Amino acid sequence: MQRELSRIILSVKEKTGIEIQVVSECGTYFASAKKEFIKVPVEYFSNQIGIIQGDGKTFFKFSFGGVKFIGLFDGDGAWEKKYAQLIIGYLEFSQNKSEKLGFEEQLNLILTGNSTKSRTAEFMNNYSLPKLPLFVMLIIAKDNKAIEIQEFLLDYFGGVDGAVTVSQDACAYIRYIDGEDFETTSIVKQAEILKRSIFEELGLDVTVFVGSAVKSFLDVSLSYSQALSAKKAFELFGGSGGVYAYKDYLLSKIIEDLSEERLLGYVNSLILDGKSEIFKDKELILTGECFLKNNLNLSETAREMFIHRNTLTYRLDKIERLTGLDIKKFSDAVNFRILYLTSKMD
């Protein structure tokens, strides 16, 4: 309840600029959009009046989740009294909002993390959702085809799994995993089958981003956020194949979360004598990345890049001269991957 009420009063601040503080009926701090805590006079708790003004403040009583609270914000004029009335109505509306929303609207709120655990559990119960592990696929299609894909998914796979459009060209698909296969099922393989099915049935070439498996629907927003992270990483680093899993971009996510100072320290420790020419040579960077993608296989890399094997060897030797990293060795290949990701982020 506290998290949900905090989210609502922060929403009020974003929309109106009004910073609300909320205390429980016994006078203790509960939630606030204000930086400092303001003590509420004792007499306000016993007063039956819904809105009280004084001392440059407006106080108002309201109920949320069956619990009584007192809210306050700065100002004690006529406009502030009207604002208090509107805020009380907004809080009551927000409290009952999920009860008025349909399946798809509630699912959107849950996926994007705008719902509490208790509301999510209630949603699970109301719609008899399976108590099984699951993962989320974010399916991107061109030409505003998300609704068409959503309808196909619900018809093709049945009503157990859930699909919801999150934009005109994006559809989130929740895929449950049989409990016995939780450790062994390849979620990437399932995504590849799904991508192929959409192409065969609808003629649409989609891109699929896959979040990690979670133990239950209560954590579905985590898998969805991971699918979004995979999409963000793809937009930054590119890729090929049409299916991209969060786990494939985990290293880039770790690097992204580092402070700039610490990241630069790691980069400087990797580059021989602090040289940075490698970042200026896109051909070398792409060659090294292609070599890593092909599992350090010289022949496969040369074939994919349409270059002679000797040319590839020359470029790899040049990378070693500039960085001190022999990326034909696994440990140096990992360090080069870090350099590559850093250069793309920069």
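Two strands pair if DSSP finds at least two bridges between them. Helices (H or I, at least four residues) and strands (E, at least two) are DSSP runs, numbered from the N terminus. The model is predicted: local features need pLDDT of at least 70, side-chain atom pairs count only at pLDDT 80 or more, and totals for chains, interfaces and linings use all residues. Residues are numbered from 1 along each chain as its sequence is written, and side-chain values use heavy atoms, with hydrogens and water left out.

**Exercise 1. Describe how strand 3 and strand 4 are joined and paired.**

Step 1. Strand 3 covers residues 51-54 and strand 4 covers residues 57-64. Four bridges pair them in the antiparallel sense.

Step 2. Two residues lie between the strands, which form a hairpin. In the turn, Asp 55 has a positive phi of about 55°.

Step 3. Opposite Ile 51 stands Phe 60 of strand 4, and opposite Gly 54 stands Lys 57 of strand 4.

**Exercise 2. Is Lys 57 buried or exposed, and which residues does Lys 57 touch?**

Step 1. Buried means under 20% relative accessible area, exposed over 50%, partly exposed in between (1.4 Å probe, protein chains only). Lys 57 has 17%, so Lys 57 is buried.

Step 2. Contact means heavy atoms within 4.5 Å. Leaving out residues up to four places away in sequence, Lys 57 touches Ile 38, Ile 52, Leu 72, Phe 73, Asp 74, Gly 75 and Asp 76.

**Exercise 3. Classify the ring pair of Phe 103 and Tyr 127.**

Step 1. Rings of Phe, Tyr and Trp (its six-membered ring) pair if their centres lie within 6.5 Å; planes under 30 degrees apart count as stacked, over 60 as edge-to-face and the rest as tilted. The structure holds 10 aromatic pairs.

Step 2. In this pair the centres are 4.9 Å apart and the planes at 75°, so the pair is edge-to-face.

Step 3. Phe 103 is partly exposed at 31%, and Tyr 127 is partly exposed at 35%.
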